[in-house]
Amino acid sequence: MDSFDSSCPRIQVIHYAGTEEQTSLLHETVEMAPIIGTDYLKMALEIGKGDPNLIPPDKKYRPIDNALGYRNRDAFLILYNTGAEVDIKDSWGHPLVLNTALSRNYETTLFLLQLGVDYNSTYSDQGIQNI
């Protein structure tokens, strides 16, 4: 029997307790990608046939929303290349590109702007141009 290596990061139990945010294995693999790498994400998408546009019932965020930070560029590209929608708004009406800029991930922000995504926010009638 293999010994357990406690120094190896592991994805924690996924739970939903009424009003807490709902999540999935796909969401967790994206969030943990800077620590554990992207192999689990690739497996969740390829072997598990994960949907890169999965929206939990609480509709708070998609897996790509977890990939906006600079350290998570690889996960972002994997999700994008497997069909994740990038011209979307969050539950507050903020476009993905605005949240990417707020995360100081300017390389991905530029990539999204070059794709021609909508950068206006429906929440405050302002968008990325006001950062």
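Residues are classed by relative accessible area: buried means under 20%, exposed over 50%, and partly exposed in between (1.4 Å probe, protein chains only). By this criterion, 38% of the 131 residues of the protein count as buried. The model is predicted: local features need pLDDT of at least 70, side-chain atom pairs count only at pLDDT 80 or more, and totals for chains, interfaces and linings use all residues. Residues are numbered from 1 along each chain as its sequence is written, and side-chain values use heavy atoms, with hydrogens and water left out.

The protein contains 5 helices and 0 strands. Helices (H or I, at least four residues) and strands (E, at least two) are DSSP runs, numbered from the N terminus. Along the sequence the pattern reads α-α-α-α-α. Contacts are defined by heavy atoms within 4.5 Å. Among contacts between residues at least 6 apart in sequence, 58% join residues at least 24 apart. The accessible surface comes to about 8,400 Å². Carbon and sulfur atoms account for 51% of that surface. Accessible areas come from the Shrake-Rupley method with a 1.4 Å probe; for residues, only the protein chains shown count as cover.

The interior was examined next. A nonpolar core is a set of buried Ala, Val, Leu, Ile, Met, Phe, Trp, Tyr and Cys residues joined through side-chain atoms within 4.5 Å. The largest such core has 20 residues. Leu 41, Ile 64, Phe 76, Leu 79, Val 86, Leu 96 and Leu 112 touch the most other members. At least two core residues come from each of α1 (25–36), α2 (39–46), α3 (73–81) and α4 (96–102). Helix α3 gives the largest share, 4 residues. In soluble globular proteins, nonpolar side chains tend to be buried together.

Phe 76 is in contact with Ile 64, Ala 67, Leu 68, Val 86, Leu 96, Thr 108, Phe 111 and Leu 112, leaving aside neighbours within four places in sequence. Leu 79 sits in helix α3. Leu 79 counts as buried because its relative accessible area is 0%. Beyond residues up to four places away in sequence, Leu 79 touches Val 30, Leu 41, Leu 45, Pro 52, Pro 63, Ile 64, Ala 67 and Ala 84. The C-alpha atoms of Leu 79 and Pro 52 are 5.8 Å apart, while the two residues are 27 apart in sequence.

Pro 52 is also a partner of Thr 82. With neighbours within four places in sequence set aside, Thr 82 is in contact with Leu 45 and Pro 52. Thr 82 belongs to the loop between α3 and α4. Its relative accessible area is 40%, so Thr 82 is partly exposed. Gly 50 lies 32 residues from Thr 82 in sequence and 9.7 Å from it in space, C-alpha to C-alpha. The Thr 82 side chain reaches the backbone oxygen of Ile 78 at 2.9 Å.

A polar atom of the Thr 109 side chain lies 2.8 Å from the backbone oxygen of Asn 105. Thr 109 is buried because its relative accessible area is 6%. Asn 99, in helix α4, has 15% relative accessibility and therefore counts as buried. Asn 99 touches Leu 68, Asp 90 and His 94, not counting residues up to four places away in sequence.

Backbone geometry and surface complete the account. Lys 49 is not a glycine, yet has a positive phi of about 55 degrees. Lys 49 is found in the loop between α2 and α3. With a relative accessible area of 70%, Lys 49 is exposed. Arg 104, also not a glycine, has a positive phi near 65 degrees. Arg 104 lies in the loop between α4 and α5 (106–115). At 62% relative accessibility, Arg 104 is exposed.

Tyr 40, Met 43 and Ile 47 make a nonpolar surface patch of about 330 Å². Patches are made of residues with over 30% relative accessible area and no salt bridge; like charges are joined within 9 Å, nonpolar side chains (Val, Leu, Ile, Met, Phe, Trp, Tyr) within 5 Å. A salt bridge is a side-chain nitrogen of Lys or Arg within 4 Å of a carboxyl oxygen of Asp or Glu. Tyr 40 lies in helix α2 and is partly exposed at 42% relative accessibility.

Note on methods. Polar contact = N/O pair within 3.5 Å; in protein donor to acceptor, adjacent residues only side chain to side chain.
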